[in-house]
Amino acid sequence: MRFDVISLFPDYVSHCLKAGVVGRAFERSIAQLHTWNPRDFTHDNYRRIDERPFGGGPGMVMMADPLLECLQAIKDADVTPAPVLYMSPQGRPFNQAKARELARLPRVILLAGRYEGVDQRFLDTHVDQEISIGDFVLSGGELPAVTVVDAVVRLLDGVLNDADSAIQDSFEQGLLDCPHYTRSESLGTAGVPDVLLSGNHALIARWRRKQSLGQTWLKRPDLLGSMALSKQDAELLNEFKTEQNAN
Ligand code: SAM
C-alpha cells in the first residue's frame, strides 16, 4: 500500500514511522511512504507557503497554489487512484473501522495542515474526507497523519507476526482487549489468574472473552450500548459483574 503524506515537516513524519513493526513494514516494502513538502512547489525567493487570511484576524493560512502543484506532482508520480484525506480537528473521528476501511485501499494521500489551516478552496475541490484524531487542537497534522498511517499499516497482510493479535485488539470486535500477563522474575506468578496457567485453552478463551466484556463495561460502557450481546456474552458479563461485586 502506498502512502503519500503532504507536510511542511516531512522528516518528522518519516522519522515517526521508522520504529517497530510499522518501520519494518516499510523496510520490507509491504507499504511505501512518500513525503511531499509543499514548500518545494513555491516559486518565490522566500518559498512562501502561508498568507494572512482575507478579512483579517489572527494567524496564517496555508495557500492553495503550492498545494495544488504538490498534489498534481503526487498524482503524476503514480496514477494509482487515492482519496485525499485532510487531517483536521473538524473531521470525522478516526477509529479502527476507518483504519480497516483504508487498509483495503491500494493508496491514500494525507494532508497535514499547519497554522490556522488550509485555504478552504483547496479543501472544497481536492479533499475527499477530513479526519480528526480527537476533540483537541494540535499545532500540525503530522502526528494525526502518522497516527492514521500507523493504524492502517499494522493491519496490512504480513505486518504483524501473528495476524490473530490484531483481531484480538481493542475495537476489532467492538470490545476492549483483555488484560495480559507474562513471565516476571520479581513477581513470579503472583496475581496471575489461575486459569491462564491451567493450559486449558477453552477455559482461557472463555476467561479472555469475559474480561473483554468486563473491561469494556468498566472503561467504555458506551461501546456496549451499541452492541447486541449474544446470550453467552450476556452471561459472561453478568459473571464478571458478580465477581467485581464480590471483590
Ligand atoms: N484553526 C483550525 C481549527 O480550529 O479547526 C486548527 C488548525 S491546527 C492549529 C493546524 C493543523 O493541525 C490543522 O490544519 C490540522 O491539519 C492539524 N490538526 C490539529 N488538530 C487536529 C486533530 N485533532 N485531528 C487532526 N488534525 C489536527
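Is Tyr12 buried, exposed or partly exposed? Tyr12 comes out as partly exposed, because its relative accessibility is 34%. On that scale, buried is under 20% relative accessible area, exposed is over 50%, and partly exposed is in between, with a 1.4 Å probe and protein chains only.

Before I go on, a word on what we have up here. This is a predicted model, where local features need pLDDT of at least 70 and side-chain atom pairs count only at pLDDT 80 or more, while totals for chains, interfaces and linings use all residues. Residues are numbered from 1 along each chain as its sequence is written, and side-chain values use heavy atoms, with hydrogens and water left out.

Okay, back to Tyr12. You'll find Tyr12 in helix α1; helices here are DSSP runs of H or I with at least four residues, strands are runs of E with at least two, and both are numbered from the N terminus. Tyr12 also belongs to a nonpolar surface patch of about 440 Å², along with Phe9, Phe136, Leu138 and Leu143. For patches, residues need over 30% relative accessible area and no salt bridge; like charges are joined within 9 Å, and nonpolar side chains (Val, Leu, Ile, Met, Phe, Trp, Tyr) within 5 Å. A salt bridge there is a side-chain nitrogen of Lys or Arg within 4 Å of a carboxyl oxygen of Asp or Glu. The areas are Shrake-Rupley with a 1.4 Å probe, and for residues only the protein chains shown count as cover.

Now look at Ser7, in the loop between β1 (2–6) and α1 (10–16). Ser7 counts as buried, because its relative accessibility is 1%. Its side chain makes a polar contact of 2.7 Å with the side chain of Glu142. By polar contact I mean a pair of N or O atoms within 3.5 Å; within protein, one must be able to donate a hydrogen and the other to accept it, and residues adjacent in sequence count only if both atoms are side-chain atoms. Beyond neighbours within four places in sequence, Ser7 is in contact (heavy atoms within 4.5 Å) with residues including Val13, Trp36 and Ala112.

On to the rings. How many aromatic pairs does the structure hold? There are 2. Rings of Phe, Tyr and Trp (its six-membered ring) pair if their centres lie within 6.5 Å; planes under 30 degrees apart are stacked, over 60 edge-to-face, and the rest tilted. Phe3 and Phe26 go edge-to-face, 6.3 Å centre to centre with 75 degrees between the planes. Phe3 sits in strand β1 and Phe26 in helix α2 (residues 20–27), so this pair ties together parts 23 residues apart in sequence. Both Phe3 and Phe26 are buried.

Then there's Trp217 with Phe240: centres 6.2 Å apart and planes at 80 degrees, so that pair is edge-to-face. Trp217 is in helix α8 (residues 201–219) and Phe240 in helix α10 (residues 231–246), so the pair ties together parts 23 residues apart in sequence. Trp217 is partly exposed at 29% relative accessible area, while Phe240 is buried at 3%.

Last stop, backbone angles. Most residues other than glycine have a negative phi. Arg47, not a glycine, has a positive phi of about 50 degrees, and Arg47 is in the loop between β2 (32–36) and β3 (50–51). Tyr115 has a positive phi too, near 55 degrees, and Tyr115 is in the loop between β6 (107–112) and α5 (120–126).
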